[in-house]
Amino acid sequence: MSLGVLDLFSIGIGPSSSHTVGPMRAAVRFVDELAEAGLLERVDAVRVGLFGSLGATGIGHGSDFAVLAGLSGKEPETLDTDSVGPLVAEIREAGSLHLGGRNDVPFDVASDLTLHLRESLPGHPNGMRISAEAAGELIEREYYSVGGGFVVTADELNAEKDAAEAIDAAGDGPGSGGGGPGAAGRDGDVIPFSTADELLEQCRIRGLSIAELMAVNERARQTDETLRAKLLEIWAVMAECVHNGCTRTETTLPGGLKVRRRAPELKAKLEAADYRAAGSLDALEWVNLYALAVNEENASGGRIVTAPTNGAAGIIPAVLHYMDRFVVGAGDDEDSVGSACDDAVVTFLLTAGAIGILFKRNASISGAEVGCQGEVGSACAMAAAGLCAVLGGTPEQVENAAEIGLEHNLGLTCDPVGGLVQVPCIERNAIASVKAINAARLAMHGDGSHRVSLDQAIETMRQTGADMKSKYKETSRGGLAVNVVEC
C-alpha cells in the first residue's frame, strides 16, 4: 500500500475510524461498484453482515448506522453528523433504504443487517460482507476495515500480503532501503524508506529534515501549495473539534454508560482567574482539556480528524494546541487557539505522518488487530515526533521522541466498556497527550542516540499484538469491559 501523509489524517465522523468510518466507506464503495456496472437501479434486495470485532462491538461503535448511511450514498468526509440519527430512523420506519440516493430498496434492519458476535472472516478481525440481488443476479463482496478508515477487499488484502512477502523474500524488506511511499521511488521523484533506520539514513544522505523529506515525497501526489492547504484544513477541523467539545450543552454522552461530559466544565475552571493563579501545571491542564474535548466529540459522533484513528483522535490535536499556546507563543486567550504559525503546523503534521506510515507499514494502527497500543501508542509516538520537530529536534531526536512515546504504551489493551469509545478511551487520550509532550522534551535533552530504536519498538508492538488474546482487542470481552458494571 502506497501511503501519503494525508492517508493518516482524514476528516470523518466518530466514534471509530475502523468501526464507523471504514464500514461507511465500504458501503459507499459497494454502491459505486453497482452503479459502475449499471446495476444500481435494478437492485431489489440488500443484505449486510458484520463479523469479528465489527460484530462484537458494532452497536456501540455505530457500525450499523454507518453502513446504512453508506448504502444511502453518504460519505464520512461530507456527511452532516446531525443527519445520521434521523436517516436511520427513517429507514427503520419505512422498511426501506434509498440505495445510493437513487433506488428505494426494501430493507428490514432487524433481518437484513446481521452482527455476527462470534464469527470472523479469515482476513482481518474487522470483516464485513455486503450482498445485493439485481434482477436475479447475486453480487457479493467482502471488505476489511484495517484501521484508520482504510478499507480493502479480500483480494486486495491478499495481494498486499503477497507483495510484502515477495519484498521480504527479495531482501527488500526492513533494513534494505526499499518500500515506503511511492513504491520505492522508481521514478526518482520519491525518496524511499520503509523503516525508521532507512528514514534517518535518507535524511542524513540528503541533508533533509523528516518533514522536508515527506514534502518531497508528497510532490508525487500534489503541489506544495495543495498539500499545505490540505494540512492547514486538517488543523482547522481539529481546532473546530476542540471548540465544539468545549461548548456543548449536553451534559452526558450518548450510550448506556451515561458518561458525563467534562470538557465544558474544565474549560470554565481553567478560565477562572483564581484557578490560574493557584495552579503550577497550567499547560498540562489545558492539554487534558484539549484531548477530552476531541474525544468527547468523537464519542458523540461529531466531526473528527482520524489521527491516525478515531479512538486516538485527541492526542495529536491536543499536542498541536499545546504547541500553539505554549510553544509557538500565540498567546493564551481563547481567540488565539488555532492560530499557530502555519509553518509549525505543516512541519508537525508532515513529521507525524512519516512516523504513522512506519506503523502502518510494519505493524498496525488497528485496535482490533494489535490492541490499543496500535491506536493510542501510534498517535502518542506521532505527536511526540511532530512536537520534537517543531522544537528544533534533529531527525535522530525526532525518532527518539517517537520511540519514547511508543515504548511506554506497549501492551496497551483495547477493552472499551459497553463497546463504546468512552471508557477508558477518552481519558486515555489525555494521558497519552501528556506522555507525548514529555517524550518530545526528553528527546530534546539528548543527542538522538538511545538503546531501543523505533524500529525495534514497532516490531515489539507487532509481536505483542499477535500474542494478545482476542478478548483484549476491541471485542469488549475482556479487561475493563467485563469488570466494570455498565450502569
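Student: Which residues does Leu 350 touch, not counting residues up to four places away in sequence?
Tutor: This is a predicted model: local features need pLDDT of at least 70, side-chain atom pairs count only at pLDDT 80 or more, and totals for chains, interfaces and linings use all residues. Residues are numbered from 1 along each chain as its sequence is written, and side-chain values use heavy atoms, leaving out hydrogens and water. With contact meaning heavy atoms within 4.5 Å, Leu 350 touches Val 5, Ala 211, Met 214, Ala 215, Leu 227 and Leu 231.

Student: Which residues touch the most other members of the largest nonpolar core?
Tutor: A nonpolar core is a set of buried Ala, Val, Leu, Ile, Met, Phe, Trp, Tyr and Cys residues joined through side-chain atoms within 4.5 Å. Buried means under 20% relative accessible area (1.4 Å probe, protein chains only). In this core of 105 residues, those touching the most other members are Phe 9, Met 238, Ile 316, Phe 348, Leu 349, Leu 350 and Ile 355.

Student: Which helix gives the most to this core?
Tutor: Helices are DSSP runs (H or I, at least four residues), numbered from the N terminus. With 12 residues, the answer is helix α15 (residues 342-362).

Student: Where does this core lie relative to domain 1 (15-155) and domain 2 (196-472)?
Tutor: The domain bounds come from an automatic or database assignment. Both domains give residues to this core, so it lies between them.

Student: How many residues make up another core that lies apart from it?
Tutor: Members include Ile 13, Val 48, Ala 66 and Leu 113. The count for this other core is 37 residues.

Student: How far apart do the C-alpha centres of domain 1 and domain 2 lie?
Tutor: The chain is divided into these two domains. Their contact takes 21 residues from domain 1 and 20 residues from domain 2. The C-alpha centres are separated by 30 Å.

Student: About how much space lies in the second largest pocket?
Tutor: On a 1 Å grid over the protein atoms alone, a pocket is an open set of points where a 1.4 Å probe fits, with protein on both sides within 12 Å along at least five of seven lines. Grid points are joined across faces, edges and corners, and volume is the space filled by probe spheres set on them. The value is about 640 Å³.

Student: Which helix gives the most to the lining of the second largest pocket?
Tutor: Lining residues have an atom within 4 Å of a point. α2 (17-36), α3 (53-61), α4 (63-71) and α5 (84-94) each supply at least two. With seven residues, the top contributor is α3.

Student: About how much space lies in the largest cavity?
Tutor: In a cavity, the probe fits but cannot get out. The search finds one of 30 Å³ or more. Its lining has 20 residues, with Gly 311, Glu 375, Cys 414, Val 421 and Cys 425 nearest the centre. The space is about 150 Å³.

Student: Which helices do the buried residues of α14 pack against?
Tutor: In helix α14 (residues 315-327), 11 of the 13 residues are buried, so it is largely enclosed by the rest of the structure. Among them are Ile 316, His 321 and Arg 325. They pack against α10 (224-247), α13 (282-299), α15, α17 and α19.

Student: Is Ser 378 buried or exposed?
Tutor: Ser 378 sits in helix α17 (residues 376-390). Its contacts beyond four places in sequence include Pro 308, Phe 359 and Met 461. At 0% relative accessibility, Ser 378 counts as buried.

Definitions and conventions:
Buried means under 20% relative accessible area, exposed over 50%, partly exposed in between (1.4 Å probe, protein chains only).
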